[in-house]
Structures are given as structure tokens and as C-alpha cells.
Amino acid sequence: MSLFTLCSATGAPGVTTTALALGWVWPLVHPDRRNLVVDADVSGSGILPGYTQAGVPAGGGVLALAAARRVGTAEEIVEHAVALDPDARRFVLTGLSATAQARPLGPVWQSLADAAPSLGAASTDVLVDLGRLGHRYEPTPLIEQADTLVVVLGSTLASVTAAVEAVRALRGSRGPSQTAALLVSDGGPYSAREIAAELEVDRLPVIETDRWAARALAEAATTGWRFDRSPLLRAAREAAAHLRDTVATLRTGALS
Ligand SMILES: Nc1ncnc2c1ncn2[C@@H]1O[C@H](COP(=O)(O)OP(=O)(O)OP(=O)(O)O)[C@@H](O)[C@H]1O
Ligand SMILES: [Mg+2]
């Protein structure tokens with residue numbers, strides 16, 4: 001395993017929340033792995049606010065990497081991230097606070113994508129929050145070099161229609177086994193089974209609607225038993241196991 005890139009096709013279905021939830025449960029599902037959540041949302045609507053309160057300087061994260069001019073080794077990348085737990089198994093690399101900061105970041109995205117295999121070899125999987133597809137400063141290398149690209153969607157007609165189109169286009173350019181989907185249940189009219197059929201995926205894990213836990217993730221207030229046992233975190237565990245399986249299938253397919 002190494003590079004998973006989460007994105008949306010339209011709206012704000014919950015990419016950031018889902019990426020943070022997956023990052024939190026990752027060491028529980030994959031006990032021998034660390035993970036780094038990278039905020040690569042060039043629209044600037046990503047992870048920074050709550051994690052600034054948690055002690056990350058506004059100029060840290062990917063901006064600090066850009067200033068360093070050389071992204072460097074896996075450990076150097078992790079040094080620019082903030083550890084979310086005392087065991088240092090969960091890290092977040094914060095992103096932009098405004099889209100104007102995105103223009104010079106192309107080389108940083110390329111270097112991060114190139115570094116993902118060595119991070120993986122150092123037991124660190126990378127979970128990217130790419131935000132919405134189609135931005136003019138889109139971090140293309142994090143799409144093209146992802147082991148699994150994960151389209152996050154809601155169950156409204158607009159969300160499903162846009163996701164179906166995006167998944168088709170991505171399959172055309174990347175191959176079917178590298179594109180997965182996660183459904184954030186938002187009370188829309190279609191069932192997960194119907195949406196999975198439209199997307200032509202065998203499994204469509206559902207992320208529960210859980211406002212309390214979603215807010216705790218946004219505010220970096222990820223402590224306590226209530227959080228760990230919340231519906232959102234339980235759903236994220238299943239989704240994390242599914243993502244592991246997508247990569248296992250991919251590798252098996254590549255070997256056979
Ligand atoms: N599983 C969930 N349960 C409850 N609320 C959620 C869930 N996921 C996201 N939300 C809420 O929906 C709103 C949008 O979520 P989020 O910021 O994660 O979406 P996004 O797709 O990253 O949006 P953007 O494209 O603006 O970055 C937030 O208020 C968040 O708290
Ligand atoms: Mg977001």
C-alpha cells in the first residue's frame with residue numbers, strides 16, 4: 001500500500017472529513033502502518049483551520065515544503081507534518097489557506113507523488129485530500145501516480161451523476177482496478193446498491209452521517225471513547241479495510 005488519493009466530482013460531499021477519519025482509523029485497521037494525510041486541496045478549503053488551532057503554524061505543511069525547495073526523503077516530509085498522537089503513527093500535512101498560494105506548488109505535488117513509494121517502504125501510507133476534481137491548479141501527479149483514486153460522493157442525483165462521469169473518465173485514463181468510491185450517506189433518494197451499480201463497482205462502503213464526529217475531526221478534537229466508537233469512525237474502519245483490499249487486488253492482478 002502507499003498512495004490513496006481522495007477527491008470529489010462536485011459539491012462538498014465530505015472528502016476532507018472522510019480523509020481525516022480514514023487517517024485516524026488507519027493504524028487500527030493496519031497495525032503495522034503509519035499514515036500521512038496530505039491536504040492537497042488547491043481551492044484552500046481543506047484541513048488547515050482546525051489543525052492551526054492544534055498548533056500547526058499557518059506557513060507549515062505543504063507551504064513549508066515548497067519553501068524548502070527540495071522535498072527530500074520520506075522522513076524529511078514527515079518532519080513538516082504534525083503528529084496527531086503520542087505514538088506518532090498519524091500525521092497531517094496541512095495545506096493552503098487560499099487558492100492564490102496554489103500556483104507555484106506543481107513541483108511539490110510531483111515530489112510528494114514520487115516520494116510515496118519510499119514513504120510506503122518506511123511503513124507510511126499516504127492519504128491525499130485532493131478536493132474537487134477539475135481545478136486549474138489540480139495536483140495532477142497525485143491523481144496519476146495514486147495506487148487507488150477514491151471518488152467520494154453523496155447520494156443526491158447531482159452528486160451521483162457527476163461521480164459516475166468522473167469515474168468513467170478516470171477509468172479511461174487509469175484502468176478500472178485503480179478507481180474506488182466511498183458514499184457519504186446524506187439522506188439522498190438512492191441506495192448504496194443502486195449507486196454501486198451505476199458506478200460499476202462491486203463494493204461501495206458507506207460513511208455514516210455523524211455530525212458530532214465530523215466536527216471533532218475538523219477541530220482536531222479526536223480524543224475519547226465516544227469519538228473512537230462513533231458511527232463515523234466505525235464506518236471509516238470498514239472503508240479503510242476496503243481500500244487495503246483494492247491495492248491487494250491490484251498487486252495480485254499485476255503479478256498474475
Ligand atoms: N460523515 C459526515 N457526517 C456528518 N457531517 C459530515 C460528514 N462528512 C462531512 N460532513 C460535513 O459536511 C460539510 C462538508 O464536509 P467536508 O469539508 O469534509 O467536505 P469536502 O468534500 O471536503 O468539501 P470541500 O470541497 O469544500 O473541501 C462539513 O460541515 C462537514 O462537517
Ligand atoms: Mg475538503
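Tutor: The sheet is open and has eight strands in the order β3-β4-β2-β5-β1-β6-β7-β8, with mixed pairing. Its edge strands are β3 (82-83) and β8 (206-207), each of which pairs on one side only. Two strands count as paired if DSSP finds at least two bridges between them; strands (E, at least two residues) and helices (H or I, at least four) are DSSP runs numbered from the N terminus. This is a predicted model, in which local features need pLDDT of at least 70 and side-chain atom pairs count only at pLDDT 80 or more, while totals for chains, interfaces and linings use all residues. Residues are numbered from 1 along each chain as its sequence is written, chains are lettered from A and ligands numbered from 1 in the order in which they are written, and side-chain values use heavy atoms, with hydrogens and water left out.

Within the sheet, β2 and β4 run parallel and are joined by four bridges. L36 stands opposite F91 in β4.

β2 (34-39), β4 (90-93) and α1 (15-29) each supply at least two residues of the lining of the largest cavity. A cavity is a set of points on a 1 Å grid over the protein atoms alone where a 1.4 Å probe fits but cannot get out, and lining residues have an atom within 4 Å of a point. The volume of the largest cavity, about 60 Å³, is the space filled by probe spheres set on the points, which are joined across faces, edges and corners. Of its 12 lining residues, L20, G23, W24, L84 and V92 lie nearest the centre.

Elsewhere on the sheet, helix α8 (residues 192-199) lies across β6 (148-153), β7 (179-184) and β8, and runs at about 155° to β7. Such angles, from 0 to 180 degrees, are taken between N-to-C directions of lines fitted to C-alpha atoms, for helices over the stretch in contact, where contact means heavy atoms within 4.5 Å.

Notes
On a 1 Å grid over the protein atoms alone, a cavity is a set of points where a 1.4 Å probe fits but cannot get out, and a pocket is an open set with protein on both sides within 12 Å along at least five of seven lines; lining residues have an atom within 4 Å of a point.
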